Amino acid sequence: MNKLSNTFDIVIEQSFDFLSSEYAELFDRSAATAFQHPVWLHSLYTRLAPETGATPLVVVVRHRATGALAMVLPLLRIRRGPIRTVEFADLRVSDYLAPVCSPDVFSQLLDDAAACAQIRRLVRPFDLLRMVKLPDGRLPIEDLLAASRRVAMDTNAYATVLVAPFEQWRASTLDRSYQKELAKKRRQLEKKGALSFSCCGDSASVLEALDVMRKFRGPRFHAQGDGDLLQRSEYYGFYSAVALGGLGSFVRLYAMKMDGEVIAAVLGLCHQGSFLIIMSAFDIAGDKSQSLGALMFEQVARDCIERGDRMLDFTIGDEPYKKLFGGQPSPMWEVTQAGSAAGAIALFALKQAPWLKLAAKRLSDLRFQPARSPTPTR
């Protein structure tokens with residue numbers, strides 16, 4: 001007979017309320033990232049998951065003595081072809097993934113063999129357990145789920161430390177020749193019309209900027225051979241819901257305008273003194289030679305410093321411009337575990353043939369197939 005924990009009550013709550021006050025309190029005292037924020041996960045589970053055929057798998061752990069939340073593990077069941085996967089709630093929109101739990105409570109869970117065994121039972125069945133985008137130095141989810149040791153991903157995250165005043169940060173971070181180049185580009189741009197920069201403060205300006213972002217990003221990503229998420233209605237709805245739901249607190253959407261028309265925009269999240277850039281768009285066709293992206297990031301850094309932010313996080317991706325702005329690389333990690341013979345074969349193939357990793361990524365980037373009929377999982 002399976003022994004239950006004497007300390008924790010552990011269940012699956014598919015309709016867990018991420019906007020509840022108890023989750024907000026847990027999140028605030030946890031080691032989670034901006035991508036487990038109440039607004040972010042509420043929008044992901046209510047908007048994206050149903051549209052993509054992903055099934056919520058939210059592991060909820062409570063202290064038995066008080067009923068208070070101890071941990072929330074936001075997962076999804078996703079079928080990719082014949083392979084049944086269990087993954088963090090991501091769906092291509094989250095950069096950093098982590099359990100929502102304090103380090104102390106997480107240690108207590110790891111020391112509770114019955115609790116660990118119960119969580120592992122609830123997460124099954126799966127062919128492949130796939131935990132990617134794990135930030136450096138976060139809670140060891142692999143120990144909780146009895147998975148293999150984490151391995152480094154082939155990409156890094158980048159962030160730059162901010163110091164006040166802006167002029168000091170700029171002088172100490174940007175190469176002097178690059179500073180001169182950006183100043184020249186800005187003067188050239190100002191000669192073309194009335195240039196302005198602002199943080200969107202109402203729903204109308206947010207939706208205006210998002211619409212322009214969608215217009216600018218479509219041709220750019222199509223030319224690179226990849227699809228842009230904003231072109232898909234379910235993802236546009238997700239980002240709109242997050243931007244509007246977090247306006248003024250969790251989310252900032254910056255816009256640069258020329259004669260009143262948006263020519264560049266940056267969308268990001270605010271978390272624990274950091275501003276995390278998650279999406280940007282620029283009028284490359286209209287101002288291709290003006291380095292709009294670099295000028296925009298410079299202004300974003302200025303505003304963040306004036307607000308008292310301590311870090312500008314460019315998130316995942318090894319694009320060269322991040323180092324130009326002082327971005328320092330931080331490794332990202334992944335954890336995988338086979339749960340069946342089919343999963344073992346798939347995992348072995350991915351580890352043995354690097355080109356299959358690219359194929360798997362492209363497969364996961366495709367639109368998830370709608371769920372045909374519900375299949376009992378437990």
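Phe-166, Glu-167, Trp-169 and Arg-170 in helix H6 meet Glu-298, Ala-301, Arg-302 and Ile-305 in helix H10, where contact means heavy atoms within 4.5 Å. By class, this contact of H6 with H10 has four nonpolar, no polar and four charged residues; Ala, Val, Leu, Ile, Met, Phe, Trp, Tyr, Cys and Pro count as nonpolar, Asp, Glu, Lys and Arg as charged, and the others, Gly among them, as polar. The model is predicted, and local features need pLDDT of at least 70 while side-chain atom pairs count only at pLDDT 80 or more, although totals for chains, interfaces and linings use all residues. Residues are numbered from 1 along each chain as its sequence is written, and side-chain values use heavy atoms, with hydrogens and water left out.

H6 covers residues 166–173 and H10 covers residues 292–307, and the two pack at an angle of about 135 degrees with their axes 9 Å apart. Axes here are lines fitted to C-alpha atoms, for helices over the stretch in contact, and angles run from 0 to 180 degrees between N-to-C directions. H6 and H10 are therefore oblique to each other, given that angles under 35 degrees count as roughly parallel, over 145 as roughly antiparallel, 65 to 115 as roughly perpendicular and the rest as oblique. The crossing of the two helices is right-handed, a term used if the near helix is turned clockwise from the far one by less than a right angle, with left-handed used if anticlockwise.

The chain as a whole has 13 helices and twelve strands; helices (H or I, at least four residues) and strands (E, at least two) are DSSP runs, numbered from the N terminus.

Strands of a sheet pair through backbone hydrogen bonds, either parallel or antiparallel.

| Strand pair | Sense | Bridges |
|---|---|---|
| S2 (residues 55–63) and S3 (residues 69–80) | antiparallel | eight bridges |
| S4 (residues 83–88) and S5 | parallel | three bridges |
| S5 and S12 (residues 328–338) | antiparallel | six bridges |

Individual residues mark these pairings: Val-59 stands opposite Leu-73 in S3, the bridge partner of Glu-87 in S5 is Arg-130, and Met-131 stands opposite Val-335 in S12. Strand S5 (residues 128–135) has seven of its eight residues buried, so it is largely enclosed by the rest of the structure. Buried means under 20% relative accessible area, exposed over 50%, and partly exposed in between, with a 1.4 Å probe and protein chains only.

Several loops hold backbone features that call for a separate look. Most residues other than glycine have a negative phi, and most peptide bonds are trans. A cis peptide bond joins Arg-124 and Pro-125, with omega about 5 degrees, and Pro-125 lies in the loop between helix H4 (113–123) and S5. The peptide bond from Ala-164 to Pro-165 is also cis, with omega near -5 degrees, and Pro-165 has its place in the loop between strand S6 (151–161) and H6.

Arg-92, a residue other than glycine, has a positive phi near 75 degrees; it lies in the loop between S4 and helix H3 (103–111) and counts as partly exposed at 25% relative accessibility. Asp-259 has a positive phi near 55 degrees, sits in the loop between S8 and S9, and is exposed, with a relative accessible area of 52%.

Ser-30, in the loop between helix H1 (21–28) and helix H2 (38–52), is buried, with a relative accessible area of 8%. Leaving aside its neighbours within four places in sequence, Ser-30 is in contact with Val-100, Cys-101, Ser-102 and Gln-272, and its C-alpha atom is separated by 7.3 Å from that of Pro-103, 73 residues apart along the chain.

Notes: Pairing = 2+ DSSP bridges.
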